[in-house]
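Me: Please take a close look at one part of this structure and describe its surroundings in detail. I would then like to see that part placed within the whole chain and among the spaces inside it.

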Amino acid sequence: MVLKSLGILLLLICCKGISRALPEGPFPDAVFNRSVKTVQFAKVGWEFAYPILQMNDEKPLLLSFDDLNTSAKNYNYIIVHCDADWMPSRIAYSEYADGFYQNQITDYQPSFSTHVPYIHYQLQLPNENVKLKLSGNYVVIVYEGVNEDTPVFIKRFVLVEPHVTILPDIKRPVLPLYQNAYQEIDFSLLYPDFPMENPYQNIKVSVVKNNQWKFSNNDLKPIFIRSTELVYDDAEKNIVLGGNEYRSFDIKSLKYLSANIESIEFKGEAWHVELKPDNPRDKISYLYNEDLNGKYLIQNQQGTDATIDAEYAHILFTFPAGAPLKDGDIYVYGGLTDYNCYDDNKMIYNAKKQAYELDLQVKQGYYNYQYVYVPKKSTDVDDRYFEGSFYETENDYVIYVYYRPFGSRFDSLIGVKIANSLHQSQ
């Protein structure tokens with residue numbers, strides 16, 4: 001079966017070193033072909049939105065990406081319904097979607113007057129070929145030609161059919177042990193018109209920091225059930241490390257030096273941008289810095305359409321260190337690396353400069369990034385090791401509520417709420 005073989009293949013891909021990030025389930029959110037860049041997935045007209053659809057939503061999602069090969073490729077895609085843990089659901093395609101199972105991405109165009117040529121692709125979901133019928137978790141799997149079992153990339157999204165009202169309350173933790181580095185995300189679920197059966201058994205809740213599933217708190221249980229209300233207020237379990245605000249750099253223009261940029265030079269038929277050296281922030285006090293919670297914005301101030309006329313530039317990151325780390329590696333992390341730790345965003349130690357360095361190719365725009373630590377022989381991403389963690393940090397928390405009554409073969413998504421640690425609710 002294709003799903004089973006795909007899961008085996010993904011494990012082989014990760015073990016071979018194309019991606020250091022092992023799947024959190026059979027379906028990760030990752031890019032496997034490293035010539036594919038700038039994979040974005042958001043609401044049409046709202047590039048910072050998370051890939052969340054409501055049933056019968058008028059605005060679809062827009063999936064876009066660049067291929068740094070100069071000739072157009074035959075990219076196809078399939079959509080798979082998943083359970084709450086991102087395992088494939090045990091339901092047939094015809095049960096969760098109308099339309100063709102396999103479809104081609106036909107909307108693409110070459111870059112215009114760029115030094116690094118590329119082909120820009122985009123796809124709207126749902127579309128005239130695919131209509132989704134059931135709420136829940138989904139993945140879109142993009143592959144080349146007929147190689148369905150060899151994905152180019154996989155992106156996650158959700159479709160929600162709201163049946164519960166989610167009332168969040170984000171605060172500094174109550175317990176002294178967690179008060180400085182953590183945030184407590186309490187909430188209530190109201191369901192006055194929804195026949196909830198055995199909520200302790202049939203409800204699953206995930207709280208995901210900045211919609212990055214690596215930093216999620218799963219399978220939380222209510223501590224009270226009051227008529228048509230579930231109360232999630234566990235001072236020890238409803239906590240997440242606050243982390244720190246993201247660092248940033250701005251290359252919307254390659255004509256002048258913006259903050260945090262040391263130099264900009266055109267050489268070897270490409271632009272090269274050197275950032276000022278960064279230092280660890282785990283030993284210093286919290287400092288508020290408005291960020292995009294890891295996301296990025298594609299923009300070319302000298303162009304007319306950044307999707308095809310923005311340049312790709314080599315960014316040199318420098319992280320001073322007196323000696324190389326013995327027990328782990330440093331990665332540049334954020335939306336610019338798909339929130340993953342690939343081989344090509346692992347920093348290399350330069351003994352002469354006594355610093356870790358990384359040359360990373362990205363498209364013109366405004367970027368957030370952090371430095372994360374990954375222990376040897378591990379896939380755990382530690383964003384606290386170099387950046388610190390503070391209860392004051394501004395974060396989004398996406399609360400997902402899944403429901404599977406007795407006898408059902410899939411998890412439906414009956415509520416989603418985006419809450420901000422500073423602004424509480426969105």
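**A buried lysine and its surroundings**

Reply: Lys209 is found in strand β15, which covers residues 203-209. The model is a predicted one, in which local features need pLDDT of at least 70 and side-chain atom pairs count only at pLDDT 80 or more, while totals for chains, interfaces and linings use all residues. Residues are numbered from 1 along each chain as its sequence is written, and side-chain values use heavy atoms, with hydrogens and water left out. Strands (E, at least two residues) and helices (H or I, at least four) are DSSP runs, numbered from the N terminus.

Is Lys209 buried or exposed? Its relative accessible area is 4%, so Lys209 is buried; the term means under 20%, exposed means over 50%, and partly exposed lies in between, for a 1.4 Å probe and protein chains only. Leaving aside residues up to four places away in sequence, Lys209 touches Phe215, Val240, Leu241, Gly242, Gly243, Asp383, Asn395, Asp396 and Tyr397. A contact here means heavy atoms within 4.5 Å.

Asn210 lies in the loop between β15 and β16 (216-218). Asn210 is also buried, because its relative accessibility is 5%. Its phi is positive, about 50 degrees, although Asn210 is not a glycine. Most residues other than glycine have a negative phi, and most peptide bonds are trans.

Lys209 and Asn210 both belong to the lining of the second largest cavity. On a 1 Å grid over the protein atoms alone, a cavity is a set of points where a 1.4 Å probe fits but cannot get out, whereas a pocket is an open set with protein on both sides within 12 Å along at least five of seven lines; lining residues have an atom within 4 Å of a point. Points are joined across faces, edges and corners, and the volume is the space filled by probe spheres set on them. By class, the lining of the second largest cavity has two nonpolar, seven polar and two charged residues. Ala, Val, Leu, Ile, Met, Phe, Trp, Tyr, Cys and Pro count as nonpolar, Asp, Glu, Lys and Arg as charged, and the others, Gly among them, as polar.

The structure holds three cavities of 30 Å³ or more. The largest has a volume of about 160 Å³, and of its 18 lining residues the closest to its centre are Lys37, Thr38, Leu336, Gln361 and Val362. β2 and β27 (355-363) are the elements that give two or more residues to this lining, which divides into eight nonpolar, five polar and five charged residues.

Strand β2 (36-43) also contributes to the largest pocket, together with β4 (61-67), β9 (119-125), β12 (151-160), β23 (296-298) and α4 (306-309), each supplying at least two lining residues. The largest share, six residues, comes from β2. This pocket holds about 970 Å³ of space. Its lining has 48 residues, with Val39, Gln40, Phe41, Ala42 and Glu47 the closest to its centre. The lining comprises 24 nonpolar, 13 polar and 11 charged residues.

Two further backbone features may be noted. The peptide bond from Leu125 to Pro126 is cis, with omega near -10 degrees, and Pro126 is found in the loop between β9 and β10 (130-132). Asp219, in the loop between β16 and β17 (224-226), has a positive phi of about 55 degrees although it is not a glycine. Asp219 is partly exposed, with a relative accessible area of 46%.

Regarding the chain as a whole, its secondary structure comes to four helices and 30 strands. Its radius of gyration is 22 Å, close to the 22 Å that the globule rule gives for 426 residues, so the chain is as compact as a globular protein of that length. The radius is taken over C-alpha atoms, and the rule is 2.2 Å times the number of residues to the power 0.38. Of the 426 residues, 55% count as buried. Among contacts with a separation of 6 or more, 73% join residues 24 or more positions apart.
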